[in-house]
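Thanks, everyone. Let's bring the model up.

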Amino acid sequence: MSPLSHRPYAKMNGIGNEIVVLDLRDLAHAVTPAEARAIAAREPFDQLMVVQAPRTAGTDAFMRIYNTDGSESGACGNGTRCVAAQLMPALRTDRLTLETPTSLVVARRQGELFTVDMGRPRFAWNEIPLAEAFPDTRYIELQIGPIDAPVLHSPSAVSMGNPHAVFWVDRDPATFDLGRIGPLLENHPIFPERANISLAQVLDPGHVRVRVWERGAGLTRACGSAACAVAVAAARLKRTGRTVRITLPGGDLTIDWRERDDHVLMTGAVELEHHGTLDPAWFADAA
Ligand SMILES: N[C@H](CCC[C@H](N)C(=O)O)C(=O)O
């Protein structure tokens with residue numbers, strides 16, 4: 001029987017980004033991609049956040065992030081807010097330091113809102129990563145559609161601990177068929193680790209409307225790291241200031257790219273949808 005059998009979980013969302021939080025702090029078990037997919041098949045999520053016992057002094061927990069397809073991500077802003085909402089009451093704190101396989105993330109609560117410090121953005125082509133050297137990642141050479149009338153072209157590329165490409169559009173992102181275009185771009189050879197794909201419409205210097213096709217998860221109602229990627233890419237291009245409101249289909253996030261230390265702070269709400277228990281039958285084929 002899978003060690004995950006009968007484990008309780010929380011189904012949550014971060015402004016519409018569907019998140020399952022699985023607290024395994026008392027169980028030494030590395031969730032496999034097959035187990036993540038088995039859970040996704042019965043309790044659909046965009047990301048599964050697996051919380052494990054802390055590994056480093058000064059941290060409150062270790063965290064792994066799985067996409068719907070079982071792949072792992074180095075960052076998940078909305079999921080981190082959900083984890084914070086679950087752990088803070090139990091640990092009697094409003095401030096948590098969470099360790100992922102690639103970074104440290106600090107989360108804070110102020111009333112109903114959670115702020116996650118997503119760290120510094122990275123812009124070097126080999127850190128995103130891109131398959132070719134681009135000296136300037138504010139715009140990279142990439143387009144889809146007819147060569148002389150591309151549907152989308154020249155995205156900004158950013159790493160927020162995971163790879164993002166941001167295409168600038170001048171009409172409502174909802175009017176593009178992102179469900180069809182997204183997979184082509186996610187898997188384009190220019191992105192050796194695939195990429196999260198955003199369409200971003202700058203409404204004014206303090207407000208951007210965004211729609212996201214997520215690597216490993218597809219169309220989602222929100223993506224926190226994409227909101228951060230859009231905000232820093234827009235500020236780099238001087239299209240916005242360093243503090244912006246990002247409107248996603250599921251709601252709004254406030255992103256502040258702090259001058260002092262270059263860190264990106266993401267603030268937004270979370271919702272608990274229900275609690276559930278992992279059914280042993282779900283894992284019958286996931287050994
Ligand atoms: N929804 C997440 C991001 C998941 C990223 C994932 N799709 C990947 O990079 O593989 C967020 O709120 O930041």
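Which element supplies the largest share of the shell around the ligand? Helix 2 does, with three residues. Before going on, a word on the model. It is predicted: local features need pLDDT of at least 70, side-chain atom pairs count only at pLDDT 80 or more, and totals for chains, interfaces and linings use all residues. Numbering starts from 1 along each chain as its sequence is written.

Now the shell. The ligand is surrounded by 19 residues, where near means a C-beta atom, placed from the backbone, within 6 Å. The closest are Ser 73, Asn 78, Asn 162, Gly 224 and Ser 225. Helix 2 (77–91) and helix 4 (224–236) each give at least two shell residues; helices here are DSSP runs of H or I, at least four residues, and strands are E runs of at least two.

Where does the ligand lie? Domain 1 (8–118 + 270–283) and domain 2 (143–262) both contribute to the shell, so it lies between them. Those bounds come from an automatic or database assignment.

Next, the record. The unreviewed UniProt entry annotates a "binding site" that includes Asn 196 and Glu 214. Such annotations may be inferred rather than shown by experiment.

Take Asn 196, in strand 13. Asn 196 is buried, with 28 other C-beta atoms within 10 Å; the cut-off for buried is 20 or more. Glu 214 sits in strand 14. Glu 214 is also buried, with 28 other C-beta atoms within 10 Å. Beyond four places in sequence, Glu 214 contacts Asp 46, Asn 196, Thr 220 and Cys 223, contact being C-beta atoms, placed from the backbone, within 7 Å.

Technical notes:
A residue is buried if 20 or more other C-beta atoms lie within 10 Å of its own, exposed if 12 or fewer, and partly exposed in between; C-beta atoms are placed from the backbone. Two residues are in contact if their C-beta atoms, placed from the backbone, lie within 7 Å.
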